[in-house]
Amino acid sequence: MTVTASMGLRSPSDWSVGILVVCGVLACTPAPSVSDADAGGDAARDVESDESQTADTGARGVSDPWRGAQRPVPFADINPDPRIIEVALEASWGEWEIEPGRRVRAMTYNGGVPGPTLEGTVGDQVIVHFRNSLDQPTTIHWHGLRVPADMDGTHFVHHAIEPGATFDYRFELLDAGTFWYHPHVSVALQVEMGLYGAIVVHGPSEPPVDWDGVVVVDDLRLDAAGAIEPESMDDILPGRTGPRMIVNGRVGPTFAARAGATYRLRIVNAANARYFRLAMTGHTWQLIGFDGALLERAETVDDVLVVPGQRVELAWTAPARLDGGATVRTLAYDRGPGSDVAPFDVMRVELLPDPPLDVRALPARLNSLAALDTAGATQRVIRLGQIAGPGSAVQFTINGASYPDVPTIVATLGGTEIWEINNETSADHPFHIHGFSFQLLSRNGVAPSRVSFHDTINVPARDTLRIAWRAERYPGMWMYHCHILEHAEHGMLGVLEVR
Ligand SMILES: [Cu+2]
């Protein structure tokens, strides 16, 4: 039994061809590891090789670094077919225990924050039986996943799900990577109140690591009574932030690592507006991927910026000694007027007493990324701006207009788009496109040193980014917007139609 597919590799060819998965009801042949083909192997050979070697997560007896409530819960899959993930998801008011003994009233998915992690493999079919038990309408947006437009959770592709109503989301997992889900109705409020969860999609060629899991970061501001503070007018310009750093729904958790083990950290920024510039005192990380695509080669970094909505993947090998432990912090970052530039501690890292493991290097080659062919691409300019709004508020604009007055962009199905995004403001904006991944072509005219694909990327103040993407597979109505959720709600959002 073989897996015949171009799966999980971000290249123009596998975006344009249908993805064929040949798999029986029994388990598919384990996927070959990239490490099999380190020495110059090409991507096609990597995925078609019969040399089977699974990513041996956990094979060396490494325990989960998260303790108790710090560990996100999985979904309960009610479908016996191993290639169908069928789950129940309910949004409801509940209690969120942000630290031992401190509970806040929150919006929860299946009673918790974050919601259950949706974990699957490329080619899996997903059915989510969703029930809205809130007292207000909601939807679910599958951030970064390529899904049919009518499953995308925006209000112009399906009606908001009213209180007490249900909706079944159905889609196929097309790409390996780290994604997340959250509402797209009253989004600034509902995400701030706790409605978010991670999505992990495994591909056929994953780097071998000892543990692979999610690190969902968020921040929170409580009022004097200990409740999540409502949004104020002052939150609109910088977006809402708070002084409590949250990881996997908990303040200040501890990551308990085993010496010599390699950890794959799938970082999801679920905060409304906080830019997490993460660093571990005295240590470096290996940057291995963004959003839905691993980089071709790991890059050693001292710190990494993760903007709202974005995912960044890191690999970290625990050292032989970590006397007194270490602290992961978010470092000072100035993203513009009114923003919170202060550093904060995010989580502790400690070593387990377990005997050290032999250190294993990551594969030299993690992925094969082909740059998009941009010949004949339709070129557009997207200008991000701001103007004075009603009262003392600010209004955000795209090409001079605020949603819903931003003219709809109509892209041709099968065509290639190049967007020049000019940030004309003095603040950074994280730019997100629904339904499609884009390649970064340049920043201020300078091409990056490597190929990378994103669905959410920071556009620094006054900078110009050029991105390219293929309008393929799924026609329909999509959105693009700033992922500082207060900015999206105050005008920095446009409609994209692919037809
Ligand atoms: Cu913005």
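Where in the chain is the place of Ala59? The points below take this up after some ground rules.

1. **Basis.** This is a predicted model; local features need pLDDT of at least 70, side-chain atom pairs count only at pLDDT 80 or more, and totals for chains, interfaces and linings use all residues. Residues are numbered from 1 along each chain as its sequence is written.

2. **Ala59.** Ala59 lies in the loop between α2 (43-48) and β1 (84-99). Helices (H or I, at least four residues) and strands (E, at least two) are DSSP runs, numbered from the N terminus. Ala59 counts as exposed because it has 11 C-beta neighbours inside 10 Å. The scale is this: buried means 20 or more other C-beta atoms within 10 Å of the residue's own, exposed means 12 or fewer, and partly exposed is in between, with C-beta atoms placed from the backbone. Asp210 is 151 residues from Ala59 in sequence, yet their C-alpha atoms are 6.8 Å apart.

3. **Overall make-up.** The protein chain has four helices and 31 strands. Of its 499 residues, 51% count as buried. Take the contacts between residues at least 6 apart in sequence: 75% of them join residues at least 24 apart. A contact here means C-beta atoms, placed from the backbone, within 7 Å.

4. **Sheet β3-β8-β7-β5.** These four strands form an open sheet in that order, with mixed pairing. Two strands pair if DSSP finds at least two bridges between them. β3 and β5 (141-143) stand at the edges with a single partner strand each, so one side of each has no neighbour in the sheet. Neighbouring strands are turned by 25° against each other on average, direction ignored. For such angles, axes are lines fitted to C-alpha atoms, for helices over the stretch in contact, and values run from 0 to 180 degrees between N-to-C directions.

5. **Pairing inside that sheet.** β3 (residues 115-121) runs parallel to β8, joined by five bridges. Leu118 stands opposite Ile199 of β8. Phe179 has Ile199 as its bridge partner in β8. β5 and β7 are antiparallel too, over three bridges, and Trp142 faces Tyr181 in β7.

6. **Burial of β8.** Six of the six residues of β8 (197-202) are buried. Both faces are covered: Gly197, Ile199 and Val201 on one side, Ala198, Val200 and His202 on the other.

7. **Core.** The largest nonpolar core has 122 residues, and Ile199, Trp180 and Val217 are among those with the most contacts inside it. Such a core is a set of buried Ala, Val, Leu, Ile, Met, Phe, Trp, Tyr and Cys residues joined through C-beta atoms within 7 Å. Strand β9 (residues 211-220) gives the most to this core, with six residues. Domain 1 (1-371) and domain 2 (378-498) each supply at least three residues; the bounds come from an automatic or database domain assignment. Leaving aside neighbours within four places in sequence, contacts of Val217 include Ile246, Ile267, Phe276, Val306 and Val346.

8. **Sheet β2-β1-β4-β6.** This open sheet also has four strands, with mixed pairing. β2 (102-109) and β6 (166-172) are its edge strands, each pairing on one side only. Neighbouring strands here are turned by 30° against each other on average, direction ignored. Eight bridges join β1 to β4 (residues 125-132) in parallel. Glu90 has Arg131 as its bridge partner in β4.

Technical notes
Contact = placed C-beta atoms within 7 Å.
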